[in-house]
Amino acid sequence: MPAARVPDDRGMQSSRLEAFSDGVLAIIITIMVLELKLPTDGHSFAQLWHATGAGLLTYLLTFVYVGIYWSNHHHLFQVVRRVDGRVLWANLHLLFWLSLFPLTQRWLDESSIARDPTVVYGVNLLAAAVAYFLLQQAIFRTPTGSELREALGRDLKGKLSPVLYLAGIALAFVAPWAGLVPAVVVALVWLVPDRRVERYVQRLPGEEPPK
């Protein structure tokens, strides 16, 4: 009797991976907003700011980061049509670090931006950036990976971001609030719409963007 055939996962469609990732990111945002505090001793704007002012700012920064990862993740899979097991696990690795955002953001908020929580928040941002880089490398090894490599080009923003995160971690030991400045700079840099993948897809002759 012939041995059972092992399914070949080298040609799996990326749609399920995208749907799962979108769901996880939506849950992350929901958890973060539920952690915001409301005033317990009044209902004025001043009391609201006193209760949740710093938390709202750290939430806004982290929300922007989740949005950036969601947008860039979508752009990746505009080009990639099929994924394999390496890509699936690399994607889960990225989602793991992103899922820690609510925890590290909450500690940062409740500590009023103390040194250690700021360092941990910076490490979380750095780890997510490294995980995203590893996801790109896994995609490069797929049959359509060369297309993504061409679309991304030199990827200067992707290479600069980890350097700024490391600078923020170092600055946190000098002044905790200064450790967040590089994180804000990176967020502002990535807020500028990244059209590299979209321009690449539009240049492909006779092809529609993958769904």
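Q: What pattern does the protein chain follow along the sequence?
A: Read along the sequence, the protein chain runs β-α-α-β-α-α-α-α-α-α-α, where helices (H or I, at least four residues) and strands (E, at least two) are DSSP runs numbered from the N terminus. This is a predicted model, in which local features need pLDDT of at least 70 and side-chain atom pairs count only at pLDDT 80 or more, while totals for chains, interfaces and linings use all residues. Residues are numbered from 1 along each chain as its sequence is written, and side-chain values use heavy atoms, with hydrogens and water left out.

Q: And how many helices and strands is that?
A: The secondary structure of the protein chain comes to 9 helices and 2 strands.

Q: How do helix 5 and helix 7 pack?
A: Helix 5 (residues 115-140) and helix 7 (residues 156-172) pack at an angle of about 170°, with their axes 9 Å apart; the axes are lines fitted to C-alpha atoms over the stretch in contact, and angles run from 0 to 180 degrees between N-to-C directions. The two helices are therefore roughly antiparallel to each other, a term that applies to angles over 145 degrees.

Q: Which residues meet there?
A: From helix 5, Arg115, Thr118, Val119, Gly122, Val123, Leu125, Leu126 and Ala129 meet Pro162, Tyr165, Leu166, Ile169 and Ala172 in helix 7, with contact meaning heavy atoms within 4.5 Å.

Q: Switching to rings, how many aromatic pairs are there?
A: A search of the whole structure finds 4 aromatic pairs, where rings of Phe, Tyr and Trp (its six-membered ring) pair if their centres lie within 6.5 Å, and planes under 30 degrees apart count as stacked, over 60 as edge-to-face and the rest as tilted. One of them is the tilted pair of Tyr59 and Phe63, at 5.9 Å centre to centre with 45° between the planes. Both residues lie in helix 2 (residues 45-79), 4 residues apart, about one turn of the helix.

Q: Is Tyr59 buried or exposed?
A: Tyr59 counts as buried at 14% relative accessibility, whereas Phe63 counts as partly exposed at 35%; buried means under 20% relative accessible area, exposed over 50% and partly exposed in between, with a 1.4 Å probe and protein chains only.

Q: What about Tyr65 and Tyr165?
A: Tyr65 and Tyr165 also form a tilted pair, 6.2 Å centre to centre with 50° between the planes. This pair links distant parts of the chain, with Tyr65 in helix 2 and Tyr165 in helix 7, 100 residues apart. Tyr65 is buried with a relative accessible area of 2%, and Tyr165 is buried with 5%.

How values were computed:
Parallel < 35°, antiparallel > 145°, perpendicular 65-115°, else oblique.
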